[in-house]
Amino acid sequence: MSSSSAPLAPAQTHALFDILIHHQIYAEIEAFKYPTTIDHYGHPFRKADGVQTTSPLLQNMLNKFALTNPALKNLDRSFWQDKIQALVARMAEAELSESYDKGAIGSRKALATAASSIAEYVGRGMLGGYPVAPKKDDGKRQYDTSKPDDVLAAWEECARSFIYGDLLDHLLEKVTATDKLEDHTSLVQAGHEYILLNVASFLHHVFVMSPDGQYLVRLLENVHKLIPYYMIKQTLRVGNAASMINGMVRLVLAKLSVTAMTNWIGLTNNSNDGMNLMQQIISTILAWDTAEFQKRASKLESSREAPDKKVMKAIKSHVYASRDKHEAARNMSIQEKKSIIAVILETADTPIKPDSLKDQQHDVAMEYYSTYLSIRDREEITKVFCKSNPDVFTSAVRDCVSAMDPVIRAIHNAVDLSSTVTDAENFITDLIKASKPKKKSGRKSRETSKEREANASNVETTPASVTDTDTGDAPTVEDFVVLLRKHAPSLHKFLHQVTKNAPDLAHDYLIYAKAMFGEFKADAQTRESGAGNMTAPLHSLFETLPKEKQDELKKLLDEHATHLSELKATSHTRLESIMKNGETKGSTHGPGMYLNRWNALLDSTLISPASVSGPVRRGWEVKGELDGKGLKTSSALQSSKGGKTANGVSIANGLGDAQDRKERKRDGLEDDRMVVAWESMRDGWVGVCKGLEVMGSD
């Protein structure tokens, strides 16, 4: 089809492809909240004959990129069908809470949308390919890592050379020879700089700018405290690979209980024999959270603004009601434009008039409901991973270790894993520090002394709430750049030792990388057509629409194409700003269009009305759910003052700064407007995607 007769221009085609992949990927991820989704997934999971997959893009990615990994390819079908399928189904059956009900963006929503924003890039490349032709001067140009334009151009050449050239071979050869970045070509050095800046931007967005970012820092910090690094490093020092693996399995997976002992000596045969170290860490972290929420619920019940006890009783009863009742209440809230609390009270066993609640009482009731939803979530997660009978989770980890045995042995023989764990421990320690607001030197030294004292006496310290650091500066993207520059040499050293001392493993991964990048090749004749290999199918689908609908969508696609161009230009500008950090005070926004696509999903999320009657809100209108201490950011029990750091970022509640709030609103509204294109072409597009289902291993 010639460009003159094509129904869409290349920019319009690219915009349409972006919209369809964006919504399709997240719809597939979101569907996993239902237990039946995994039963319709397809290979490698169990699926009835004649049933098409309902997750075609995720199923393709799993089969093409995960199952072909040398570390995972030895996992047999029973692992996926009997272990992972069961775990996924149990998590769906747990019916974890929705952001709509909580009145704020939750942690799981933030992480799910983050995964979706990255997966959509993989999905576009997998279906359409990387629609760029190799250039004549590829491999000849010299790049300056201090110049933003050179860094951007180098990354584009790296991408072309990974997919269409032989850069992977040259990279393996050089990594095997040296662990020094400066020994590589200027192309690799500049490409490395681009990756480092974007990873720094991503970490900053996750832990600083995103809703619940500081809560995630708190979780990471608590997990970090509980991991027995010393014992792990001592075990990894064992010279014999088989003994080392066996020791690690015992350390992490051995059950520690009386039942486990009686099972071992043969007095009992009970599969529910307590928890292992991994499960102890999970349950302890969640128990700490639950204790905080229980205290919060008690304070809400006894507060002056608390509604009548029968209101609290109705709310608590609804928390533990069935999925059908939860969904019915949510749908009624959306349709009638009433808060979820109003619907709960109206549909209680003994109906209560929601109009009897004052505004402050409604706020307390909303927070009480959100608090008990958080408690129930943690109870259900603990049941699935730590208290299930039989213990599928532990069994799945054992199977993973067994399947990865050849890879683990090769790496153990090639690298000092004890030193690698030390490097990882130091990185996580510095990551946690970099993610917290900067404190005044005097206060910081006193707290450090206090923490050191507590650690010496083996007493757990609770991380301070970020709301206590109003006068400090929020971390900048440059702080994370410094962090990554400091620890990148450790990764370089690890890769050098593996490739040098385990050449067979390195060769296996070279083959895997070539096959993976090979999935992103676009046909020569489609490389300038907007959607690569998917251009013709998209045009055919578009032409099936009525002429009036085509004209309507073309205007929307022009607007979205302009939006994408603006996002790309902004990303490049921010990369330049970070590279010139000596001339600025620090950046609170980093490069990466995927961050805006992430925001679009978060900020178009439906949220319950804030009052008894009122409009349904969107994600960009609300705060994050929890602060860095696990407390509700919009708590009715505390003043809303503070939370804003000296450089204007409301880090405690996930509101970001003024620029971030402006962009969140823009991205959320853009996502809402583009839903028309998605809904107009969804059925045909999903049909095309289902035709790509992988039926089994080669």
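Keep in mind that the model is predicted. Across the protein, pLDDT averages 87, and 86% of the residues score at least 70.

**Confidence**

- At the top end sits helix α23 (residues 503-518), with the highest mean pLDDT among the elements of the protein, 97.
- Helix α21 (residues 441-456) is at the other end, with the lowest mean, 43.
- The pLDDT stays below 50 over residues 441-471, though this stretch still has 37 contacts in the model beyond near neighbours in sequence.
- Where pLDDT is low, predicted coordinates should not be read in detail.

**Helix α20**

- Helix α20 covers residues 417-435, 19 residues in total.
- From first C-alpha to last, α20 reaches 27 Å, close to the 27 Å expected at 1.5 Å a residue.

**Cis prolines**

- The peptide bond running from histidine 43 to proline 44 is cis, and its omega is near 10°. Proline 44 belongs to the loop between α1 (10-30) and α2 (56-66).
- Asparagine 389 and proline 390 are also joined by a cis peptide bond, here with omega about 5°. You'll find proline 390 in the loop between α17 (359-386) and α18 (392-403).

- Glutamate 95 isn't a glycine, yet its phi is positive, near 50°. Look for glutamate 95 in the loop between α3 (77-93) and α4 (99-102).
- Is glutamate 95 buried or exposed? With a relative accessible area of 12%, glutamate 95 is buried, since the cut-off for buried is under 20%.
- Lysine 337 is another non-glycine with positive phi, about 55°. Its place is the loop between α15 (323-336) and α16 (340-346).
- Lysine 337 counts as exposed, at 51% relative accessibility, because exposed means over 50%.

Terms used: Residues are numbered from 1 along each chain as its sequence is written. This is a predicted model: local features need pLDDT of at least 70, side-chain atom pairs count only at pLDDT 80 or more; totals for chains, interfaces and linings use all residues. Side-chain values use heavy atoms; hydrogens and water are left out. Helices (H or I, at least four residues) and strands (E, at least two) are DSSP runs, numbered from the N terminus. The expected span of a helix is 1.5 Å times one less than its number of residues. pLDDT is the predictor's confidence in each residue, from 0 to 100. Contact means heavy atoms within 4.5 Å. Buried means under 20% relative accessible area, exposed over 50%, partly exposed in between (1.4 Å probe, protein chains only).
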